Amino acid sequence: MKQHISHEMGMHTEQLAGRTQQRFFSPEEEENFFYPGSYEVDFNKRAEFDAGPLTATQINLKLRELMSEGYGTIVMKNPGAKHGVAVGILNRLQLYIEGSLGYFGCGLIDGPNVRIKGRVGWSCAENMMAGTVVVEKNAGSTFGAALRGGDLVCMGDVGARTGIDMKGGTIIVGGRTGAFSGFMMQRGRMIILGDAGINLGDSMYDGTIYVGGKIAGLGVDAVPGEMTDLDVAWLKRKLRLYGLEAPNGVENMTKIVAGKQLWNYDNLEPAEKKIVL
Amino acid sequence: MCGIAGLIHRGKAGDIGREMTSMLLSLKHRGPDSTGFALYGTPKGDELVLRFKVAEQEDMRKGFRIHQEVKDRKAEVDRRLAELGARILEQEAATEYAFRYRIAYGGDRRKLADYVEDVDGAEILSLGHGLELIKDLGDATRVADQYGLSGFVGTHAIGHTRMATESDVDIRSAHPYWAYPFADVSVVHNGQLTNYWGKRRELERRGHRFMSNCDSELIAVYLADKMEQGATLEDAMRDSIGELDGVFTYLVATADSLGMAKDTMAAKPMVLYESDDFIGLASEEVAIRSVFPHEIDTFDPYEGEVRVWKSQA
């Protein structure tokens, strides 16, 4: 018997997704649960600052300083594509970044809602656990690498290896993605409204990829899945949240899942391994 | 990991010496060992610009005799140029061991290059009508100051900051590489070629020479060989995607063009900014931002992608 609606969609519950881990604690433990370095903030307290003259370290310290003072809405101006900006934020926050980020922007975050008006470089939101990150322009490669939870959205095009090793959450790409997207994906969902590059979903263990455009080629053990009414309903709801639409309708998107022929690999005979590979 | 950058002004000349210095300084963290520039100025008739060195930077710290040896080597280069009928119109010493000559020469460039490089310690960095190739140890500011590049005006340029991995920290292994013996062709590269030795032997059998053991030099020679056989720059670059094995992103410049190619794994970064009058490319967007601090739209070229732009100047 199916325990959860996601099982009907061929997905497992995403128990590794950031704050949802709290449900494993008893109520008494939950009361005592806190992240060191996380802050209680008030969304009605707003601050803005110019990141132009600051280094990446100074920018991150400035964010912490403002959060420690209770500011829950922060506007960062002129980030100048610097690397490692807005990382390790472990509490709720409305963060507006007016400009572009370099590599590893918004990595290791758990909870904030981030809106980036520019572009992001490689490895945006790597290991993100919860919250939302919305990028209004394009993104570099390894977008959402090892994502564990939350929604990561790029309105434009994204580079190669999008969602590599992702373990939960949702990645939405408004345009196209490059080669090896979903490589070694373990859980979570990826929605690509445009075209996908070669080796899509290569060696994926689990999870689901929806593609609205053309797929240049599937990777090893990535296979077409059956689109259900639940998929369609979920996609419509998810895309509506971010004002996006599938070019040919979500009903006509292609669903890709793991063939699971690589599972139990160690139990196979050498000859069978050759067939799998 | 190395950093590479390129820029091209379309329809006009620009302050490319200052711009490329700024871009490469922004990429210093990707490679502090050496910095190199390939700058394309305005050609003056049939004159050629010859950039060459007669020693490595570290050689200059090895005893007193090296200073006289450098003078002797330069004199021998001058003698050989005269013997081949090349007339030196102007000469500058950028450093004690690196020189810039304006020469008048209508003969075989391969013959000239081979004869000059036969002098002990001599290496031609570039030979062309517009190309000036400068590379040395240190960061972009140091090299630009040493060689007086801040006022260089031209149409396009490529540059490189090197983190030595598979070969030495010396000028010989620094980028860019001139695509010997083709005038005005240069290459910078970020990545590793895994079929280097096989391809090198193949090209050596065809008569090409290698001055270093750096795999990036292979790309320059490979493209030169293809073009020698009649291929266009773009065709040669497209062939390289399938024939060169490994992970790479490289930039190549000719007298009037700038090109980029990315391998099919797209494992090495490249960010591109494209407007009607300017193209900027770099391993990281922060380098393009050093020239354009205001908000601009940039994107990553995709796997297997080859692009070529003309300066139209």
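This is a predicted model: local features need pLDDT of at least 70, side-chain atom pairs count only at pLDDT 80 or more; totals for chains, interfaces and linings use all residues.
Guide: Let's start with a helix. Helix α1 (residues 16-26) of chain B lies across β1, β2 (34-40), β8 (156-162) and β14 of chain B. Its direction makes about 30° with β8(B). Axes are lines fitted to C-alpha atoms, for helices over the stretch in contact, and angles run from 0 to 180 degrees between N-to-C directions. Helices (H or I, at least four residues) and strands (E, at least two) are DSSP runs, numbered from the N terminus.

Visitor: Which strands form the open sheet in chain B, and in what order?
Guide: The order is β7-β2-β8-β1-β14-β13-β15, with antiparallel pairing. Two strands pair if DSSP finds at least two bridges between them.

Visitor: How many bridges join β1 and β14 of chain B?
Guide: Five bridges, in the antiparallel sense, link β1 (residues 3-9) to β14 (residues 278-282) of chain B. L7(B) has G280(B) as its bridge partner in β14(B).

Visitor: Back to helices. Where does α4 of chain B lie?
Guide: Helix α4 (residues 140-147) of chain B lies across β2, β7 and β8 of chain B, at about 125° to β7(B). A140(B), V143(B), A144(B) and Y147(B) in α4(B) are buried. Buried means that 20 or more other C-beta atoms lie within 10 Å of a residue's own; exposed means 12 or fewer, partly exposed is in between, and C-beta atoms are placed from the backbone.

Visitor: Why are those four on the same side of α4(B)?
Guide: They cover an arc of only 100° around the axis, which puts them on the same side of α4(B). The arc is that of the directions from the helix axis to the C-beta atoms. Among what covers these buried residues are α1, β2, β7 and β8 of chain B.

Visitor: And what follows α4(B)?
Guide: G148(B), with a positive phi near 60°.

Visitor: Zoom out. How many helices and strands does chain B have?
Guide: Eight helices and 16 strands. Of the 313 residues in chain B, 51% are buried.

Visitor: And chain A?
Guide: Chain A has five helices and eleven strands. Of its 277 residues, 49% are buried.

Visitor: What's the strand order in chain A's open sheet?
Guide: The eleven strands run β1-β2-β3-β4-β5-β6-β7-β8-β9-β11-β10, with mixed pairing. β1 (42-50) and β10 (222-224) of chain A stand at the edges. On average, neighbouring strands of this sheet are turned by 15° against each other, direction ignored.

Visitor: What does β6 of chain A pair with?
Guide: Strand β5 (residues 130-135) of chain A pairs with β6(A) in the parallel sense over four bridges. There, V133(A) has L152(A) as its bridge partner. Four bridges also join β6(A) to β7 (residues 167-173) of chain A, again running parallel. D151(A) stands opposite T170(A) in β7(A).

Visitor: Which residues are buried on each side of β6(A)?
Guide: D151(A) and V153(A) are on one side, L152(A) and C154(A) on the other. Both faces of β6 (residues 151-154) are covered. In a regular strand the side chains alternate between the two faces of the sheet.

Visitor: New topic: is K77(A) buried or partly exposed?
Guide: K77(A) counts as partly exposed because it has 15 C-beta neighbours inside 10 Å. Its place is in strand β2 (residues 71-77) of chain A.

Visitor: Last one. How many residues does each chain give to the contact?
Guide: Chain A gives 22 residues and chain B gives 14. Two residues are in contact if their C-beta atoms, placed from the backbone, lie within 7 Å.

How values were computed: Residues are numbered from 1 along each chain as its sequence is written. Chains are lettered from A and ligands numbered from 1 in the order in which they are written.
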